[in-house]
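Dear colleague,

Here is the structure I promised to pass on to you. Please look through it alongside the notes that follow.

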Amino acid sequence: MKLENKYLVLLILVCIAVFFVNLDAIYINIMEARNFITAREMLQDNNWIFTTMNAEPRYEKPPLPTWLTAISMSIFGMEGLFGLRLPSAIMGLVLVVFIYKFLLKISKNIQLSFLAGLIAATSFYIVYSSRDGQWDIHTHSFMMLAIFFLYKLYNTTKNWYLLATISGLFIACSILSKGPVSIYALFLPFLIAYGVIYKFKGTKERWKALVLLTATALIFGGWWNLYVYMFDTHAVSEITSQETGRWLNYNVRPFYYYWSFVIQSGLWTIPAFVALLYPYLKDKVSNKKAYKFTLLWTLASVFLLSVIPEKKSRYLLPVLIPMAMNTAFYIEYLFYNWRSIKNKEATVIYVHFGIFALVGCIFPIAAYFYFESFMQNILYWYILSSIFLFSIGFLMFRYLLLKKIKPVFYLSIFFLISVVWFGLPMADKININPAYNSASTIDSHLKKYNAKVYEFNTFAPEIIWDYGKPITVLTQEGEVKIPEGNKFLVLTEARLSDSLQQVFKLYKTTKIDSVDMNPVGTKHKRRLYRELYLIEKQNIDLLPSQ
């Protein structure tokens with residue numbers, strides 16, 4: 001087997017270990033619930049083009065990741081979270097592989113590229129996004145594929161039109177995953193960095209291929225938006241207006257909000273920060289031009305994201321892609337120069353890896369006292385976690401003392417794998433809400449009272465997902481629509497119970513149950529709790545006179 005393929009196999013195995021194991025360990029969050037509901041309604045109602053959530057139009061997000069999730073759902077079923085999250089894990093794997101392959105093309109340095117792949121595969125938000133049923137990982141993974149083939153287009157003398165078509169199709173896939181998000185946050189910064197460092201040499205000869213690329217991206221990426229606008233103009237216009245307002249007025253943060261972006265790399269926070277110090281590292285890296293390129297790509301992405309008023313930590317995912325490559329230059333420098341580095345410089349790395357080593361060593365004791373009341377439920381996972389994390393921590397300390405940085409780096413990878421394999425199942429077993437009451441219990445009341453169920457004010461996606469079917473919301477544009485029939489059930493937030501009583505003051509209202517979808521007992525989210533009321537019409541003759 002070629003050396004390149006050996007590294008690639010190792011990288012894939014790490015991705016499988018980090019992205020695919022215990023995919024069902026963490027409960028569904030609100031973003032996942034929205035996406036999974038849409039995928040379920042695709043299958044149940046055949047809404048493959050005019051996508052819905054809770055039987056209402058949902059055109060905020062393009063459909064490609066939902067299609068992939070629906071296909072996975074049809075294969076693995078709607079109950080298991082593994083099948084629902086599998087497409088994201090696959091896209092995370094694709095992203096890491098093409099980070100490796102792209103940097104290998106740029107640098108011709110296989111070890112550097114392997115390090116970049118490992119750093120990406122273990123960076124916090126890449127890990128989180130690859131284990132979560134959200135669409136960020138799809139749009140940026142497809143865009144990374146597009147960038148790879150665009151680079152090949154600029155650095156080969158043949159197959160220009162084929163490479164342009166492939167790159168354009170992957171840009172289209174990115175657009176069909178989350179609109180122009182990745183074009184702005186990943187592709188445009190790449191173009192800026194590539195233009196400054198590599199000058200886009202050969203553009204004049206390739207202009208026809210680039211026109212083909214652009215046309216392919218726009219046609220195949222934009223057809224869905226155009227189609228739903230033509231046949232559901234009113235709904236699209238309303239949703240577009242809401243989304244535009246959110247970009248300008250929702251989650252508005254100051255320009256400098258993202259300046260702590262290195263934290264999103266998690267395990268590599270300190271090395272990632274040091275790798276950004278151009279004056280310090282520029283003469284120490286193995287490929288100065290490639291280093292300048294990844295550095296500029298990283299900073300351009302952060303700057304462009306900072307300009308947008310709406311800011312969320314998860315929007316930093318595209319920054320982690322070039323930053324993983326950039327950090328690899330510093331790690332490679334440490335590999336070859338660790339013994340000759342001055343003590344002051346080495347202190348930063350001793351502190352960084354020393355923290356993880358310390359956490360591993362003290363974990364068995366700290367976890368025992370912290371989780372003592374749950375120990376009967378988690379004993380198996382506690383023992384495994386303790387053995388692996390303590391062993392890794394001990395070995396990290398040992399190799400730090402021996403001034404061997406390579407084993408310390410690779411032990412960090414195993415540290416994260418151990419947390420995923422043994423820590424996540426343990427966390428799942430201690431995060432229990434004793435008052436948890438599934439939305440599926442509503443069905444028993446429907447049968448008992450032979451009535452329909454409605455949501456009073458607004459729905460929680462997690463509750464709709466758990467219930468398994470859409471629930472009509474009575475309040476629309478500030479007005480409450482009274483259902484037909486002599487009796488019906490209404491779900492409402494506890495804080496709105498008085499409002500419900502006022503709206504249905506001519507009816508008999510009886511609280512018959514509650515739904516508590518909070519998975520963690522210590523963190524009560526108001527929107528995940530509903531009171532269930534039976535609403536019955538009263539005989540008008542028996543009502544008190546006005």
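Patches here are made of residues with over 30% relative accessible area and no salt bridge, with like charges joined within 9 Å and nonpolar side chains (Val, Leu, Ile, Met, Phe, Trp, Tyr) within 5 Å. Accessible areas come from the Shrake-Rupley method with a 1.4 Å probe, and for residues only the protein chains shown count as cover.

Please note that this is a predicted model, in which local features need pLDDT of at least 70 and side-chain atom pairs count only at pLDDT 80 or more, while totals for chains, interfaces and linings use all residues. Residues are numbered from 1 along each chain as its sequence is written, and side-chain values use heavy atoms, with hydrogens and water left out.

On the surface, Lys 199, Lys 201, Lys 289 and Lys 292 form a patch of positive charge (Lys and Arg count as positive, Asp and Glu as negative, and His and the chain ends are not counted; the place of a charge is NZ of Lys, CZ of Arg, CG of Asp or CD of Glu). Lys 201 sits in the loop between α9 (181–198) and α10 (207–231), where helices (H or I, at least four residues) and strands (E, at least two) are DSSP runs numbered from the N terminus. With 60% relative accessibility, Lys 201 counts as exposed (exposed means over 50% relative accessible area, buried under 20%, and partly exposed in between, with a 1.4 Å probe and protein chains only).

A nonpolar surface patch of about 930 Å² includes Leu 169, Trp 223 and Met 230 among its residues, and α10 gives the most to this patch, with eight residues. Met 230 is placed in helix α10 and, at 53% relative accessibility, counts as exposed.

The structure holds ten salt bridges, each being a side-chain nitrogen of Lys or Arg within 4 Å of a carboxyl oxygen of Asp or Glu. In one of them, the side chains of Asp 136 and Lys 178 meet at 2.9 Å, N to O; Asp 136 lies in helix α7 (residues 136–154) and Lys 178 in helix α8 (residues 160–178), so this pair ties together parts that are 42 residues apart in sequence. Both Asp 136 and Lys 178 are buried.

With best regards
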